[in-house]
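Open your viewer and get your selection tool ready. We will take a short walk from helices to side chains.

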Amino acid sequence: MELIKLLGVLIVIVGFALKLDSILIIFLALITTGLVGGLGIGGLLETIGTNFVANRSMAIFIMILLVTGVLERNGLREAAADLIKKVKGVTAGKVVAAYGIMRGIFGAFNVGFGGVAGFIRPVVLPMAEAAIENGGNKATEEHIEEVKGMASAMENVTWFFFQVLFVGGAGGILVQTTLAGLGYEVELIDLAVTEIPVAIFALILACAFVVIKDKKMQQKYYGNSAKTTKK
């Protein structure tokens, strides 16, 4: 009977495999795991409430999920797609690269957007899909899946390298304490200064990669049809 407690994991796997709404899947898995684990409704609410108060990051994550769900229900994805359709010459790769630049700047100040579930899925991906269709092409499923991977990778790259630039942030403190354990005493400001060129280089490389890769995918999936349509 202990295996039944893994039912929430099964729900996540099946839900994402069927490409159902990710926020709905997460909350359904959360509630199911709590109930089959013996917490009950009262225990589940108490656990969520305790973590909400004790863990600020968890509280922010839950709030972002709720806000994102409400915005999606009221046309966030459609609004993002309509916005990008007004921009000429934009491609899915350029959309992801632009997000990476914005993410890096805000990441340096330790400001997040909600990550893949809270921002990329409801905002970046609809904009990228609209950019693909700007040239008169119908976005293929294979291309969309590739763009999802590129956008998620961009989120990881920018957050990984740029969060260390924030003096006093978790990333910088982790590096400082790790170095201290190895016998190297360094100041957080020195770590940030050293990381700046590394972060910038990583961002440039990531942006160049997604733009070039997307250009190759445009040729692979649509050939020269985009160019012909624009003419």
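Here is what to select, stop by stop.

This is a predicted model, so to speak of local features takes pLDDT of at least 70 and side-chain atom pairs pLDDT 80 or more, while totals for chains, interfaces and linings use all residues. Residues are numbered from 1 along each chain as its sequence is written, and side-chain values use heavy atoms, with hydrogens and water left out.

Start with helix α8 (residues 141-162) and helix α10 (residues 188-222), which pack at about 175° with axes 10 Å apart. Helices here are DSSP runs (H or I, at least four residues), numbered from the N terminus; axes are lines fitted to C-alpha atoms over the stretch in contact, and angles run from 0 to 180 degrees between N-to-C directions. α8 is therefore roughly antiparallel to α10 (over 145 degrees).

Next, select K213 and E146, whose side chains meet in a salt bridge at 3.6 Å, N to O (a side-chain nitrogen of Lys or Arg within 4 Å of a carboxyl oxygen of Asp or Glu). K213 sits in helix α10 and E146 in helix α8, 67 residues apart.

Now move to R103 and E155, a salt bridge with its closest N and O atoms 3.1 Å apart. R103 lies in helix α6 (residues 92-107) and E155 in helix α8, so the pair ties together parts 52 residues apart in sequence. Are they buried or exposed? Both R103 and E155 are buried (under 20% relative accessible area, 1.4 Å probe, protein chains only; exposed is over 50%, partly exposed in between).

Finish at E133 and K138, a salt bridge at 3.9 Å between the closest N and O atoms. E133 is partly exposed at 26%, and K138 is exposed at 65%.

Notes:
Helices (H or I, at least four residues) and strands (E, at least two) are DSSP runs, numbered from the N terminus. Angles under 35 degrees count as roughly parallel, over 145 as roughly antiparallel, 65 to 115 as roughly perpendicular and the rest as oblique.
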